[in-house]
Amino acid sequence: MPGGRLTQQERQQIALGLADGLAYAEIARRLDRPTSTVTREVMRNGGPTAYRADLAHRATEHRAHRRRKAVPPDPHTPPQAHGRDADAVREYEETFTTVFMQSGLPKMTARVLVGLYTTDAGSLTASELAGRLQISPASVSKAVTFLESQGLIRRERDDRRRERYVVDDDVMYQSTMASARATAHLGEVARQGVGILGTGTPAAARLENIARFVDFVSESIARAADQAREILHTKPEKTASDGPD
């Protein structure tokens, strides 16, 4: 599988694939690239409806030029925990952010959520998030307000009375259950249309089938989440190198 940056020709192929309505996976297969590479490329450059190969290529060259001219990192900046590769972490965070953007989150909101998921503590203050992501406190505030409304994070006070934003073992469970409830609501609304459009009519039959499908999916999601909930509380197994507790 080829590595390195995408070429201009590959970007043109991506643009043609998007115009033909191909899925990211199919475009990636034709390029012999990972699907995540294509997904990240498109989402970083306008999304599937606004992607342009020439603009994407120039933007990438501009970012690379900026990185080359960037000020060297502060030698007093602490190294990555656990000996992690800083570049690999940064690349992974970009990929993770792209996945959340695909699910509908705005880019800044997705970055904040990824910032929380990839910190060992599982929680950060507003100032810590702003510093980690190099964004303004206002951007943090807007993002966490939305994330909290969706049940994706929660707030708590630490021993210094600072407000912290938390992704703990149960946040994913709660957000999954919220998604199941939202899906079930779609089924309820679809079923309301059956009586309005007339039982036995083609439109009513379509809505009834949608409602039955959605009911099954939402119930399956909720049941699976309940059955798998304990997985979220599983602690990593210790190895001999970890030492005693």
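This tour moves through a predicted model, one selection at a time.

Residues are numbered from 1 along each chain as its sequence is written, and side-chain values use heavy atoms, with hydrogens and water left out. Because the model is predicted, local features need pLDDT of at least 70 and side-chain atom pairs count only at pLDDT 80 or more, whereas totals for chains, interfaces and linings use all residues.

**Stop one: His 57**

Select His 57, which sits in helix α4, residues 53–69 (helices are DSSP runs of H or I with at least four residues, strands are runs of E with at least two, and both are numbered from the N terminus). His 57 is buried, its relative accessible area being 15% (buried means under 20%, exposed over 50% and partly exposed in between, with a 1.4 Å probe and protein chains only). Now show the surroundings of His 57: apart from neighbours within four places in sequence, it is in contact with Leu 6, Thr 7, Gln 8 and Arg 11 (contact means heavy atoms within 4.5 Å). With Arg 11, the side chain of His 57 makes a polar contact of 2.8 Å (a pair of N or O atoms within 3.5 Å, where within protein one must be able to donate a hydrogen and the other to accept it, and residues adjacent in sequence count only if both atoms are side-chain atoms).

**Stop two: from Arg 11 to Glu 41**

Arg 11 belongs to helix α1 (residues 8–19) and Glu 41 to helix α3 (residues 35–44), so the pair ties together parts that are 30 residues apart in sequence. Both Arg 11 and Glu 41 are buried.

**Stop three: other salt bridges**

The structure holds 17 salt bridges, and a few of them can be picked out here. Select Arg 29 and Glu 26, whose side chains meet in a salt bridge of 2.7 Å, N to O; both residues lie in helix α2 (residues 24–31), three residues apart, about one turn of the helix. Arg 29 is exposed at 56% relative accessible area, while Glu 26, at 23%, is partly exposed.

Next, select Asp 120 and Arg 84, which form a salt bridge of 2.9 Å, N to O, through their side chains. Asp 120 lies in the loop between α6 (107–117) and β1 (123–125), and Arg 84 in the loop between α4 and α5 (86–102), so this pair ties together parts that are 36 residues apart in sequence. Asp 120 is exposed, with a relative accessible area of 52%, and Arg 84 is partly exposed, with 34%. Finally, select Glu 128, Asp 158, Arg 162 and Arg 164 together, as they are linked in a network of salt bridges.

**Stop four: α2 against α3**

Show α2 and α3 as a pair: they pack at an angle of about 115°, with their axes 8 Å apart (axes are lines fitted to C-alpha atoms, for helices over the stretch in contact, and angles run from 0 to 180 degrees between N-to-C directions). To see the contact, select Tyr 24, Ala 25, Ile 27, Ala 28 and Leu 31 of α2 with Thr 35, Val 38, Thr 39, Val 42 and Met 43 of α3.

**Last stop: Ala 203**

Select Ala 203 in helix α10, residues 202–228, where this residue is partly exposed at 27% relative accessible area. Its C-alpha atom is separated by 8.6 Å from that of Gly 193, 10 residues apart along the chain.

Methods:
Salt bridge = Lys/Arg side-chain N within 4 Å of Asp/Glu carboxyl O.
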